[in-house]
Amino acid sequence: MTASIRAASLHCLTHNPMNTRSVLIIEMSRQALATVRSLGRAGYHVIVGRCGADSAVEHSRFCHEVWDHPEIGSSAVFEQALTTFLDSRPDIQVIYPTGENSTQALGSMPSILERDITRVMVHPPLLNDCLNKTQAMALAKNLDINLPASQEVRSNIELWAAVDAIGFPIIVKPVRSTKKLFERKAYIIRSSNELESVFANWPAEHSILLAQQYIEGDIEACDFVASNGKMLGYMEALTVRTDIPDGTGFCVDFTSIPVSSDLYSACQQFAQAQAYTGPGLMQCIRSKTDNLLYFVEINPRLAAGISHTIACGQNFPLLALQAFSPAEADRLPEFCDLTNPYKSQQSAHWLEGDIVGLLAERHRLTLQQKLTWCRQMLASFFRAESHMNWQWSDPKPSLVIYSKLLFRFTKPIRKLLTIARSGKPR
């Protein structure tokens, strides 16, 4: 065993009494904090995996231990470190990956898949199909829902051919969402000039992209948890704003909406057809032209805004664990009650994402647009019934988040002050 693996395996804060249920949460995703809080409140001994610098998640009062590990992307090294750590901790009976990188990594590790341990993740074959947008559309083809015209493209020539076939506007995105496209999730292209500007060169990090018909409308999403195709929990939310003005970014303002019969039917059909077990997020667009739903994608994991579903009465992090754990089977609900499943018209806000989005876009915005963004951000903050990170009962993670944010964006000012005090030119 190398020194780095040995250090990663053994660096923990405390050990858990063997009579307490332990869960290892892997990947510091945006949904990790809500998951830690959910499971900690449910009585689990929560261990958080950390790679590199400390994060706000480990400052939660519901985080009991921190396990330092190598990068998840270095699969073989991470697999050995995880195996060694699990061997040393027989009290850990649950591994809970919260993001796409960790679920993909665990899905390709035979030594972990063969282990007698609960893994809160969609089974690898279906997981991979869902993470591939083209494959996900193929799975959704038989649903009672519309699919936008789509083509895979491998060069600028093929991209122009796709435009000729589909027509403007189009949206261009990575086939797998783990890779950004020119630092963004997607680009809406409305004209030849825009296409030439954005795709002057083919992105070197992508061998293939997905070009789709762009549907003008509101993004409607449903969070769900299923067990062998049976719906256990369900909630719908509407995206109000994202951290990019054209709506292609991460959602920063969202609100729960009543159950839509067409979206629920599509989600239920999908879960039944795939014998789906685990958490998921199906995203669709309701067209402003015909009011019909068009499939966008399905994320086989907890949503980044999962704290909103908890605030609305659907504790999906805990429910997902129960769906996988035989020891928790007797606590599963008999059915998903759609008569009054959750609080609707409840707003949530992600202040951190809103601030970072504004600062990232500031050079492309006019003064009026910046002021409008600030007004919208303040309105979202005061309107929200819940916030993605902040909780009065667990304030420290938010304090860490915003202190780091303040330190990050005051760096140029601090640099100038240092120069001024030293009397040296830049």
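**View 1. Lining of the second largest cavity in the predicted model.** Y96, P97, T103, V120, M121, P279, P300, R301 and L302 line the second largest cavity, a cavity being a set of points on a 1 Å grid over the protein atoms alone where a 1.4 Å probe fits but cannot get out, with lining residues having an atom within 4 Å of a point. This is a predicted model, in which local features need pLDDT of at least 70, side-chain atom pairs count only at pLDDT 80 or more, and totals for chains, interfaces and linings use all residues. Residues are numbered from 1 along each chain as its sequence is written, and side-chain values use heavy atoms, with hydrogens and water left out. The space in the second largest cavity is about 40 Å³, a volume being the space filled by probe spheres set on the points, which are joined across faces, edges and corners.

**View 2. Contact of helices α4 and α6.** The axes of α4 (residues 100-107) and α6 (residues 124-131) come within 10 Å and cross at roughly 140°, where axes are lines fitted to C-alpha atoms, for helices over the stretch in contact, and angles run from 0 to 180 degrees between N-to-C directions. Helices are DSSP runs (H or I, at least four residues) numbered from the N terminus. On the α4 side E100, T103, Q104 and G107 meet P124, L127 and L131 of α6, contact meaning heavy atoms within 4.5 Å.

Methods. Helix = DSSP H or I, 4+ residues; strand = E, 2+ residues; numbered from the N terminus. 1 Å grid on protein atoms, 1.4 Å probe; cavity = no way out; pocket = protein on both sides within 12 Å on 5 of 7 lines; lining within 4 Å.
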